Amino acid sequence: MDFSVEQLRADLHGLTPEEHGFTYLDVDREPSGRGRLSGWVLSAKDLCDVRGMPTTLGNVDRTYYPEHSDAFVEALEKQGARIIGKSSAPELGLRVDTEPVGLPHPDNPLYPGCTPGGSSGGAAVQVARGLLRAAHASDGGGSIRVPAAACGVVGFKPAGKEMGVQGFITRTVADNAFLHGHRMITPRARIGLLVEPLFCDANVDAHHLRAAREAAQRLQAAGFTVVPISPYPQARATFAHFRNTFTSRLAGLNPAAGYTEWIAQQGRRVSSAELAAARAHVRQLPDLLAREWGVDAILTPMLTTDPPRTGHFLSLPHAENFAAQTRWSPWGSLFNMARLPAISVPWAVPNHPPVGVHLGGITLSDAALLGLAHILHP
């Protein structure tokens, strides 16, 4: 496929903001340097600053014009990438849908009328629709992997020192590896297959279970040992620590109506002792997972169901909204808490759009997890 700026101009003709997922476009913008990313055309998530472009943070009333680009984006431009616009995100990236306040809500190309997932939903739409080969994204609880799964593309969350990290949504595993500067490694690894929801009780649709089990069979055929595993005993404690960490970071939020303010209120209730307990849990979590499961990576579905209709989550009372988001993706945030790499890749199922299968590294490096994922999505 042609992913040039000229082709993008042609592809955008006649598309609505709901169809293309951009909140801002500047296709004439030039990169600040030349290098290994020369020729790549990318968007930046609208939670991330790009000099000369408005940042909305997912709410038109929060719009500002930054003087400097985020360091991650600046590095991309210095390596030759063209950042030609901003992709849609929900307010402050707090939800697994993409319905920004006062701005168009992007539509799922695979499921018209349904959410593309979030919070990197605009990025997933642009890649899934074939407008871009790759799009910048970020992930603090599944925000790269959920929309990638919902839209049938690849989303990789690298390991990091923080719960939230930046990365990319792409059409292939190889492109994600290249953008991160990794040479993929095919590891020797023992894989755990976990199909039971990890952080809550939820029903998993049959075709999502089928995809994970078929992916396990492919790994077995490739010579890997795959064993069934169950949730580790401390899983619900991990999620309580995740919730305290996630909400507490919004405790000082400027007053805002609706779900965003509810999240901030939850964060104000988190005590310093609870935050200290969360930090202690995070420090020992990778070793705990390796000890409890005895595997190098785990394989799960990414989502429990197909994407719901646009507006579904925000139609719910705030506490139920949070719970419903967790039920939709009850595995992904483990790897944010543990600071470990994770990836969602599309898996073909008969008479249905592809669904996401999720690999999370326990002992594997980013490059090794990407190599494992490449077996599932070559």
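## Exercises on cavities, pockets and a domain interface

The largest cavity has a volume of about 30 Å³. The model is predicted, so local features need pLDDT of at least 70 and side-chain atom pairs count only at pLDDT 80 or more, while totals for chains, interfaces and linings use all residues. Residues are numbered from 1 along each chain as its sequence is written, and side-chain values use heavy atoms, with hydrogens and water left out.

### Exercise 1

Determine how many cavities of 30 Å³ or more the rule counts, and describe the lining of the largest cavity.

Solution. 

Step 1. On a 1 Å grid over the protein atoms alone, a cavity is a set of points where a 1.4 Å probe fits but cannot get out; lining residues have an atom within 4 Å of a point. Points are joined across faces, edges and corners, and a volume is the space filled by probe spheres set on the points. The count by this rule is 1 cavity of 30 Å³ or more.

Step 2. The lining of the largest cavity consists of Tyr-111, Ala-149, Ala-150, His-208, Leu-303, Pro-307, Pro-354, Val-355 and Gly-356. Two or more of these residues come from each of helix H5 (145-151) and strand E11 (352-361). Helices (H or I, at least four residues) and strands (E, at least two) are DSSP runs, numbered from the N terminus. E11 contributes the most, with 3 residues.

Step 3. Ala, Val, Leu, Ile, Met, Phe, Trp, Tyr, Cys and Pro count as nonpolar, Asp, Glu, Lys and Arg as charged, and the others, Gly among them, as polar. The lining of the largest cavity then divides into 7 nonpolar, 2 polar and no charged residues.

Step 4. Because domain 1 (5-180) and domain 2 (190-234 + 273-308 + 322-376) both give residues to this lining, the largest cavity lies between them. The domain bounds come from an automatic or database domain assignment.

### Exercise 2

Characterise the largest pocket by its volume and its lining.

Solution. 

Step 1. A pocket is an open set of points with protein on both sides within 12 Å along at least five of seven lines. The largest pocket holds about 800 Å³ of space.

Step 2. Its lining has 36 residues, of which Gly-93, Gly-140, Gly-141, Ser-143 and Phe-246 lie nearest the centre. At least two lining residues are supplied by each of strand E4 (134-139), strand E6 (165-170), helix H8 (235-248) and helix H11 (318-328).

Step 3. The lining of the largest pocket divides into 16 nonpolar, 14 polar and 6 charged residues.

Step 4. Domain 1 and domain 2 both give residues to the lining of the largest pocket, so it lies between them.

### Exercise 3

Describe the interface of domain 1 and domain 2 in terms of contacts, buried area and salt bridges.

Solution. 

Step 1. The C-alpha centres of the two domains lie 24 Å apart.

Step 2. With contact taken as heavy atoms within 4.5 Å, 32 residues of domain 1 are in contact with 31 residues of domain 2.

Step 3. Buried area is the accessible area (1.4 Å probe) that two parts lose on being put together, summed over both. The domains bury about 2,500 Å² between them, 65% of it on carbon and sulfur atoms. On the side of domain 1, Tyr-111, Arg-145 and Phe-156 lose the most area to domain 2, together 24% of what that side buries.

Key. A salt bridge is a side-chain nitrogen of Lys or Arg within 4 Å of a carboxyl oxygen of Asp or Glu.
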